[in-house]
Amino acid sequence: MTARAKITVVGAGNVGASVAQYAVEKELGDVVLVDVVEGIPQGKALDLLEAGPVHGYDSLLTGSNTYDETANSDIVVITAGLARKPGMTRDDLLFKNAEIVGSVVDQVVARSRNAILILVTNPLDAMVQLAWKKSGFPAGRVIGMAGVLDSARFRTFIARELDVSVENVNAFVLGGHGDSMVPLPRYSTVAGIPITDLLPPDRIQALVTRTANGGAEIVNYLKTGSAYYAPAASAVEMVEAILKDKKKILPCAAYLNGQYGVHGLYVGVPVKLGRRGVEQVIEIKLTADEQAAFQRSVGAVRELVEKLKL
Ligand code: TXD
């Protein structure tokens, strides 16, 4: 055993393996990769371990098909699931992934009572609600990754449009993942200047639309899979904020209990992430239009969650 933090990543597929890679490259802790497919987590973990001398990290990586190695994890990132296959409806995917995520959460929490869970599996907002219910954990220790990715995409497109550094660009997004995402251009800035002062409304709308369709744009290229580099980088930003207790404000799927007028539901909002998980939900005043768009997004999330009958 080492004194390093312990990060479990469940699902050693595209997103999971990249989460492991980015996490050890930043030396955030030791990583345990878990997957149902025999050999895959072991092989990828060993391969990444052998990249350590080149990159200069001493993080240890282990792969496993069972959960004993995950005991006493500080953070568990859950990427296990199926992608939608031809002929499969969104609901089929919802129920199948609910089954997978439910069983993963049971096995994880039995061995890591104090861990923070970060959910990645789609449909994200419903899976995080399910994981929270199943875990019995306080809501602040169960968090969904979606907003960091949506905002990274928006930031990329804003930076390209204005030919400025991505480091100067901040973006603000609310709501569910994907189609129903609600970007807030008046709080999206370049070096502190709102993009509404820098771009005409039609250009902003074009960037917003591209962001909301950002997942589909990548799937159309890859055909056999979905995005994983930016999703993994986004999950690792959350892991880093938590393990380093950075108190970083990031858009995450968090449990709302009255904030933004929403009760008892996980939805994407800006939160403060630190060693205790979600340490604060940041509430801002919305305009009537923004509030309406947010309510539509909340409605879409609630509809999906209700199907799970949690
Ligand atoms: O913004 C976001 N939240 C997302 C969500 C961004 C990107 C990807 N998003 C979702 O993450 C995606 O729709 C999927 O639901 C997950 C994982 O995506 P990934 O691209 O990594 O899928 P893969 O490559 O198919 O990997 C999934 C792995 C695969 O190796 C399976 O064998 C494994 O999950 N799997 C399991 N592992 C452990 N336990 C169980 N039961 C299990 N079932 C499948």
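The legends below describe close-up views of a predicted model and its ligand.

The model is predicted, with local features needing pLDDT of at least 70 and side-chain atom pairs counting only at pLDDT 80 or more, while totals for chains, interfaces and linings use all residues. Residues are numbered from 1 along each chain as its sequence is written, and side-chain values use heavy atoms, with hydrogens and water left out.

**View 1. The shell of residues around the ligand.**

**View 2. Polar backbone atoms facing the ligand.** A polar backbone atom of valine 15 lies 2.8 Å from an oxygen atom of the ligand. For glycine 13, a backbone N or O atom is 3.5 Å from a ligand oxygen atom. Methionine 145 places a polar backbone atom 2.8 Å from a nitrogen atom of the ligand. Taken alone the ligand exposes 860 Å², and the protein buries 84% of that (Shrake-Rupley method, 1.4 Å probe). Helices (H or I, at least four residues) and strands (E, at least two) are DSSP runs, numbered from the N terminus.

**View 3. The second largest pocket.** This pocket has a volume of about 440 Å³. On a 1 Å grid over the protein atoms alone, a pocket is an open set of points with protein on both sides within 12 Å along at least five of seven lines, whereas a cavity is a set where a 1.4 Å probe fits but cannot get out; lining residues have an atom within 4 Å of a point. A volume is the space filled by probe spheres set on the points, which are joined across faces, edges and corners. Of the 22 lining residues, Ser151, Arg155, Asn170, Ala171 and Glu237 are the closest to the pocket centre. Helix H6 (147-162) gives the most to the lining, with six residues. The lining divides into 14 nonpolar, three polar and five charged residues.

**View 4. The largest cavity.** One cavity of 30 Å³ or more is found in a search of the whole structure, and the volume of the largest cavity is about 30 Å³. Its lining includes Ala146, Asp150, His177, Met181 and Gly268. H6 and strand S8 (173-174) are the elements that give two or more residues to this lining.

**View 5. Backbone geometry in two loops.** Asparagine 122 and proline 123 are joined by a cis peptide bond, with omega about -10°. Proline 123 is placed in the loop between strand S5 (116-119) and helix H5 (124-135). Aspartate 245, in the loop between H9 and S12, has a positive phi near 50°. Most residues other than glycine have a negative phi, and most peptide bonds are trans.

Conventions:
A polar contact is a pair of N or O atoms within 3.5 Å; within protein, one must be able to donate a hydrogen and the other to accept it, and residues adjacent in sequence count only if both atoms are side-chain atoms. Ala, Val, Leu, Ile, Met, Phe, Trp, Tyr, Cys and Pro count as nonpolar, Asp, Glu, Lys and Arg as charged, and the others, Gly among them, as polar.
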